[in-house]
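Here is a short note for a colleague opening this model for the first time. Please read it with the structure in view.

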Amino acid sequence: MANEDASSVTSSLDAAEGRRVLLLRHGQAVHNVGPDVPDAPLTALGKVQAGAWRNTIHEFDAEVVLISPLTRAVQTACLAFESDAAPMEMCRWARELWWDEEANQPGSIEKMQLLLQGLPRGSEVHGLEKALNPGVQEPMTEGDSVEALRTLLLRRPEERVAVVTHWGVINGLCGHHPDNCELVECSIEPQGKLTVVSSHLPPGARMRRWIEPFFNMGCHL
């Protein structure tokens, strides 16, 4: 499916009916361009990619934003939804797969609280303790975690739910292969099947003058 610039967001939503799940992959992170590091944060390019959504993402009309408790997803959510009013909740089941890799292991509550202090709308993100501590019904496998998220999405009362998450989760939910900071708009059926309706690159991602400086530094989308 071809990517669309954010200018097509409104027409896409107007043409579609029913519940929507908006899956936003995090921006470029340190481990995407280098070695595995604990709870990998965004690179400079990743922050630009996330911030590029700031003035456009409200057009998707998300009623709530669920956020993976990994640093790169939290940074992406706060930067992308900086000018939006949707409530933001951490969601443990939105974390990346491959749990044995250092980049996919959440940090402490204290580190997350410190991170949020320096992010737009950081004080509005809630659910830290539940997202960062294993619960009684903790999924035993990565696949179980994806299915737990799918069930949660079915049970949410909102018509449009945004999830700021990761490649493995998005691929597991709908089979899509998202780029960094790509937003994948899906319909959701009563049995939990997610079907891709459209996908959107960050605003300006197709403009050479926006990405050329980062290519010159050796970064890649």
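1. Start with a local pair. Glu124 and Arg121 join their side chains in a salt bridge, with N to O at 2.8 Å. A salt bridge here is a side-chain nitrogen of Lys or Arg within 4 Å of a carboxyl oxygen of Asp or Glu. Arg121 is buried at 10% relative accessibility, while Glu124 is partly exposed at 41%. Buried means under 20% relative accessible area, exposed over 50%, and partly exposed in between (1.4 Å probe, protein chains only).

2. A word on the basis. This is a predicted model: local features need pLDDT of at least 70, side-chain atom pairs count only at pLDDT 80 or more, and totals for chains, interfaces and linings use all residues. Residues are numbered from 1 along each chain as its sequence is written, and side-chain values use heavy atoms, without hydrogens and water.

3. The structure holds eight salt bridges. One of them pairs Glu82 with Arg54, whose closest N and O atoms are 2.5 Å apart. This pair links distant parts of the chain, 28 residues apart. Glu82 sits in the loop between α4 and β4, Arg54 in the loop between α3 (44-51) and β3. Helices (H or I, at least four residues) and strands (E, at least two) are DSSP runs, numbered from the N terminus.

4. Arg95 and Glu138 also form a salt bridge, at 3.2 Å from N to O. They lie 43 residues apart. Arg95 is buried, at 4% relative accessible area.
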